[in-house]
Amino acid sequence: MSMSSPIDRAGPVAPRAERRRSRVWGKLRTRPAALFGGTLVVVFLVLAILAPVLPIPGYAETDWGAIRLPPSLAHPLGTDHNGRDLLSRMIWGAQASLFAGVVSVVIAVCVGVPLGVIAGWRGGWTDATISRITEALLAVPFLILAIAFAAFLGPSLTNAMIAIGLSATPVFIRLARGQTLAVKTEDYVESARAAGVGQLPTLWRYILPNIAPPIIVQATLTVATAIIAEASLSFLGLGQQPPAPSWGAMLNTAKNFMEQAPWMAIWPGAAIFLVVLGFNLLGDGLRDALDPRET
Amino acid sequence: MEFKRTLVTTAAIAVLSSGLQAQELRIGLQDDADVLDPDQSRTFVGRIVYTSLCDKLVDITPDLDIVPQLATDWSWSDDETQLTMTLREGVVFHDGTAFDAQAVADNIDRSLTLDESRRKSEIGSVTGTEVVDDLTIRIDLSQPDATLMAQLADRPGMMLSPTATAEMGADFGSNPVCSGPFSFVERVQQDRIELKRFADYWNADEIHFDTVVFLPIPDTTVRLANLRAGDLDMLERLSATDVASAQDDPDLTVMDVVALGYQGITMNVGNGEGAEDNPFAEDARLRRALHLSIDRGAINEVVFNGAFEPGNQHVAPSSQWYDERFPVPKRDIEAARALLAEAGYPDGVDITIQVANNPVQTQVMEVVQSMASEAGINISIQAKEFASMLQDQSAGAYQGSQVGWSGRVDPDGNLHPFVHCDGGINDSGFCDPQVDEYLDAARASNEFDVRKENYDAAREILNEELPLIYLYHPSWIWAMDARIEGFVAYPDGMIRLEGMRATD
Amino acid sequence: MLSFIGRRVLIAIPTIFVISVFVFMLQKLLPGDPVLALAGEDRDPETLAALRELYRLDDPLVVQYAHWAGNALRGDLGISLRTNQPVTELMLAKLPVTFQLAVMALIFAVGIGIPMGILSAVRKGTWLDYIANFTALSGLSIPNFWLGILLILLVSVNLGWLPASGYRAFSVDPVRSIETMLMPAFVLGTALAATLMRHTRSAMLTVLKSDYVRTARAKGLRERVVILKHALRNALVPVVTVSALLFGELLAGAVLTEQIFSIPGFGKLVVDAVFNRDYAVVQGIVLVTSIGFICMNILADTLYIVLNPRLRYTP
């Protein structure tokens, strides 16, 4: 994962972050559950990335003579209602689902963390305003918020990602704010300020690296939530556009053929389950590994 | 099947005639009805409920002939602007109010003047009514209107109790009172609508159920599972792909009939921004190429297992209004490619077509997309929520839009609003004075031959211009418990309970 | 104590104001003209204009907001554009349905989650712990609409054990009502059970290390008594708090669950309303659930302090 880069740049003045890095790896390695989760994620990621070069039929290649065929040698996962190869659609669907999960979390982190840090750092009216809006958004059930955003932006995969990203933002605002509040009273931050280090460099070099671990954990877990959210939006017809596949959209179609072609519903659901499980296991492992109390 | 009766009385009833059983009919609907006021409502399922609740002045036969219901006889004045109807004697509304000519006058007035009324344009040709005597009413028109009788066989012709409408006003839908075979009991939003047998119904001998319950269950698979489990006695709109398995089930009966509506692609030829920089709007040859690239039979087979009827006109090939000179075209890729080349696009042309984001319509569009691509027409599909799609369609923010029409008994309702320059729903932006002339003439006559001639003349132009590319005519498909007898499939998709009964 | 609650309530007021503005703006944010959705096939220009006027959709936004918010304060959330029923009435009619679903889901969640959490804490590090943890994570990871589809496929379509839908009100037919709710409640309950299990486990682990448990053990009490009587009672404090917070999750989960099983509750009402552009209903539901969520939050914080005397004096 990309967690090492901000910590590296923090340099020697951020002692806690430096020590933590090697410790985390060591602990993660000894956790079979986390490793298993990581492996699941990596396998799906590799499949998604390799989709264009794998020897599979195109995801939109229709074959009217092969509609809703059960799994066979020619079509290992069977075919769908348009005679399209489900293995191919599953792999291309992995791209949509993982991409949606990761991008929406990146959006949430990029919007949420700066706002949270500013709120925690500045306090006063800035904090009050940001906090009230955050609380308001947190009070609206996540999926309803995402449905509203997605309907507003119009159905497409990109818009679904933005909708999910925005809906997940408040969690990161709150987390970053809380962490900033805790860290800003630490000695090394106070001494940096006393030494005349500017506001932005202080935030960048002292605050950010030290609030990063819980945010990384939260981000990993949120990817899992986001993948389910994308599937839910596509399930309601607010995500990926046809004929391109996404697991949620495939499930949405499959529910019309539950009696005649149950396999159409089984694969995408199982894939969502596995990849989400992977992210959850990984996130849990990271949380334990990053938790200072467990040393 | 859930025929409610107590264990104690079962034996006794079995000895007596079966007509004494307290029978309940549970019908699964695809959607929940909207407001239960025939003057305000707009949903198809609402009309299914009214069919049991509210009698109309006239009704239709399965062949779409107009037959008496609350009006027993009628005649037109020589200039066809006055319709005089004789009303059925001894009819009462569910609240005991007598049905008479004044009630008809009040009802027509309400349809025309209630603020919330959606019926205004449907009977827009009506200028007033005259109570001739207790059981005779005269309806005056501003001009001859061939569609009026068909309208009176639908919601504008439904008779509501004047006592109830006076008392409830626009809130009539919370406790509707009509004169149909069943009266309103209760409604739980998105859950159930319950009606009970009306003892004083004029045709009560034909009614064999004591209660009818309508249950909205949107998911077709779930609806069928409920029927199989015995929680429903009947359902409407069985999914075409479930027909085979339902037919194989000895406990179920499947009935179907080609509906009055159609599904097609509305092409934007002159409505707002979507018609600009759009080669398909500028050149009818491209629309013809798309039209020819589609194998309508294959769509029907792939998406609907052959349960629907391929089509290329505003009425189905089985209709008496169909123009036989233009049969459903065979797919012709070569001709389509030639048309593309002629129009200056030998290397292919792009178009974006929007579709409602439900799996079935999306699949239809995916099939069309794959067929058209072989002719060099590259379709991008935009799946939108129905509400957004309609808005973009109205506003002209689209190039092509795959959309359906539920259909009307009179063919005018399937064509006039869409292609007449002043058509109420002319989202295509098509306008041709010649076509307008034919459609107006067809509307102004009550003679079948005159009307058919005019529709055929219009079809000749429309078949070249193709503002709408029709794809297929859906069938209404009902599935019911095999013990239900006497159901007759009507092309308007309604469920008429007269003569229906359950046997043991 | 009272001042704590008072402060929380005061802070909630601007939050609720922000929510009300957001909720109101939904109707301007969502594309798709409500009047078009309303008119359906009768969408000729005159009908549209008449409807627009009828529902005052041409008034300036601020006027519309003031009108709506003023009425909302008096408990009047407007009328549904689709069915002409008052929104408040509609929601009151749905409340028992979703409440029943939520209660049954909570029974599943508590019945599965808490015992599993205790067991896995007591047997920490054993295969039992691993299995319990893995099951919990699986419960969290399984998309509940998929679980719903699979259950319908297996239990209703193939086995025919339970009806796939056809909800009846509890007051009308309790047996049938519970039958139809079993699957949806299970689906909704799985994710919650997983959350509860994880919280119970970690709370139990903390408590088991504490002095009084050690003392109790030293006194020679039987392990069963130590765990059930001493440890569990204390471990449940954070669990109860978390349960209050699960309210929001329950509601969000109900959205899809109700959709799949055709249960006429809050979730189904809101999704149908979004798709039909029945704004009064969307606004009403989002407003009320959000306020409910805030109340549950305040309740959770209060419970936490009440149950945990040590925290009372910390600001």
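User: What makes one face of strand β7 (residues 136-141) of chain B covered and the other uncovered?

Analyst: This is a predicted model. In it, the covered face of β7(B) holds I137(B), I139(B) and L141(B). The uncovered face holds T136(B), R138(B) and D140(B).

User: How do you know that β5 (residues 82-87) of chain B pairs with β7(B)?

Analyst: Pairing takes at least two bridges. β5(B) and β7(B) have 5, in the antiparallel sense. T86(B) stands opposite T136(B). So the pair qualifies under the cut-off of at least two bridges.

User: What links β6 (residues 126-133) of chain B to β7(B)?

Analyst: These two strands run antiparallel over 6 bridges. V126(B) has L141(B) as its bridge partner. A hairpin of 2 residues joins β6(B) to β7(B).

User: Why is helix α13 (residues 386-395) of chain B called largely enclosed?

Analyst: Count the buried residues. A residue is buried if 20 or more other C-beta atoms lie within 10 Å of its own. In α13(B), 8 of the 10 residues are buried, so the rest of the structure largely encloses the helix. Those buried are F386(B), A387(B), S388(B), M389(B), L390(B), Q391(B), D392(B) and Q393(B).

User: What covers the buried residues of α13(B)?

Analyst: Chain B supplies part of the cover, including β13 (262-267), β15 (349-356), β16 (377-384) and β17 (400-405). Chain C also takes part, with α2 (34-39) and α11 (266-276) among the covering elements. Just after the helix, G396(B) takes a positive phi of about 80°.

User: How do you know whether the radius of gyration of chain B agrees with that of a compact globule?

Analyst: Set the value against the rule. For 504 residues, a compact globule would have a radius of gyration near 23 Å. Chain B has 24 Å, so the two agree. The C-alpha atoms fill a box of roughly 80 × 55 × 35 Å along the principal axes. Of the 504 residues, 56% count as buried.

User: What share of the contacts in chain B with a separation of 6 or more joins residues 24 or more positions apart?

Analyst: That share is 68%. The chain carries 16 helices and 21 strands.

User: Which residue classes make up the side of chain C that touches chain A?

Analyst: The contact takes 32 residues from chain C and 33 residues from chain A. α1 (2-29) of chain C gives the most to the chain C side, with 7 residues. By class, that side has 26 nonpolar, 6 polar and no charged residues.

Key
Residues are numbered from 1 along each chain as its sequence is written. Chains are lettered from A and ligands numbered from 1 in the order in which they are written. This is a predicted model: local features need pLDDT of at least 70, side-chain atom pairs count only at pLDDT 80 or more; totals for chains, interfaces and linings use all residues. A residue is buried if 20 or more other C-beta atoms lie within 10 Å of its own, exposed if 12 or fewer, and partly exposed in between; C-beta atoms are placed from the backbone. Helices (H or I, at least four residues) and strands (E, at least two) are DSSP runs, numbered from the N terminus. Two residues are in contact if their C-beta atoms, placed from the backbone, lie within 7 Å. Ala, Val, Leu, Ile, Met, Phe, Trp, Tyr, Cys and Pro count as nonpolar, Asp, Glu, Lys and Arg as charged, and the others, Gly among them, as polar. The radius of gyration is taken over C-alpha atoms; the globule rule is 2.2 Å times the number of residues to the power 0.38.
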